[in-house]
Amino acid sequence: LRSCSPGRARRTNASRRACLVARFGDIYAQERLDAETLLRTYISDMEMVQRIIYVAAVESFHAAKLAYRQFKMRVRDTLSLGHSGPESLEDTVLDYIVRHEDLYDVQASVNEVIRSMNINPKISFPPEIDFIVISTLIRELCRVAFSMQTLVPPLDIAFGTDGELFSETKYHRSFDSDFTAAFVAYHVWPALMENDVVIVKGEAVTKR
């Protein structure tokens, strides 16, 4: 194992958090729109395009969190053999992961996300095309989601379901929403959460 600097993860927590929150916003503003433009060349239904992107975001966080748990277990098992302090084993493990995030196999997560999307009943795609066309978006989401797990506390996305009561604290309404409707027809982008508190609003479409 490469050497690691004790306490680094906690010392840099605030600055890393700020960078990751900003990056999440950048992905919404840039990679999401690029993916939308790309998908529109294959799919005329804008609702389906937006659903696909939302599912990609949710599945990316799911895959990255699972990969992080597995990665952390491997690092803990290895470092525990020779750990003597002064930092706790948990802090030493976190420091190692923060220093060596490049060891995260992001492509494995991307493949997992695409597999999950292919069996999701809420989204469909022309059979001659594959969800791999938006792999750039998926890769960036997996990277940011993995890094968010190294924060204390970690960041996650809100769980959203079609038909849920619209929450002003969680979401912005899309411009084509019915602004008098009380329920979410579908989600465009997930809200970002810290300890169950919304720190970045998502986007949803409301319709009667």
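This is a predicted model: local features need pLDDT of at least 70, side-chain atom pairs count only at pLDDT 80 or more; totals for chains, interfaces and linings use all residues.
In the chain, Gln149 is situated in the loop that runs between helix H7 and strand S1 (155-157). When neighbours within four places in sequence are left aside, the residues in contact with Gln149 are Lys65, Tyr68, Pro154 and Leu155. Of these, Tyr68 also belongs to the set of H4 residues that make the contact with H7.

The axes of H4 and H7 come within 8 Å of each other and cross at roughly 45°, an angle that makes H4 oblique to H7. The crossing in which H4 passes H7 is right-handed. On the H4 side, the contact is formed by Ile53, Ala56, Ala57, Ser60, Phe61, Ala64, Ala67, Tyr68 and Phe71, while H7 contributes Leu137, Ile138, Leu141, Cys142, Ala145, Phe146 and Met148.

H7 also packs against H6, at an angle of about 120° and with the two axes 9 Å apart; H6 and H7 are therefore oblique to each other. The crossing of H6 and H7 is right-handed, and the contact involves Val106, Gln107, Ser109, Val110, Val113, Ile114 and Met117 of H6 together with Ser135, Ile138, Arg139, Cys142 and Arg143 of H7.

Helix H6 itself comprises 13 residues (106-118) and reaches 19 Å from its first C-alpha to its last, close to the 18 Å expected at 1.5 Å a residue. Its buried residues are Val106, Ser109, Val110, Val113, Ile114, Ser116 and Met117. These residues cover an arc of only 160° around the axis, which puts them on the same side of H6. Such a pattern can be read against the geometry of an α-helix, which has 3.6 residues a turn, so that residues three or four places apart point the same way. The cover over the buried residues of H6 includes helix H4 (46-80) and helix H7 (135-148).

A further buried residue is Asn13, with a relative accessibility of 13%, located in helix H2 (residues 13-29). Asn13 touches Thr150, Leu151 and Val152, residues up to four places away in sequence not being counted. The C-alpha atoms of Asn13 and Lys65, which lie 52 residues apart along the chain, are separated by 18 Å; Lys65 is among the residues in contact with Gln149.

Methods
Residues are numbered from 1 along each chain as its sequence is written. Side-chain values use heavy atoms; hydrogens and water are left out. Helices (H or I, at least four residues) and strands (E, at least two) are DSSP runs, numbered from the N terminus. The expected span of a helix is 1.5 Å times one less than its number of residues. Buried means under 20% relative accessible area, exposed over 50%, partly exposed in between (1.4 Å probe, protein chains only). The arc is that of the directions from the helix axis to the C-beta atoms. Contact means heavy atoms within 4.5 Å. Axes are lines fitted to C-alpha atoms, for helices over the stretch in contact, and angles run from 0 to 180 degrees between N-to-C directions. Angles under 35 degrees count as roughly parallel, over 145 as roughly antiparallel, 65 to 115 as roughly perpendicular and the rest as oblique. A crossing is left-handed if the near helix is turned anticlockwise from the far one by less than a right angle, and right-handed if clockwise.
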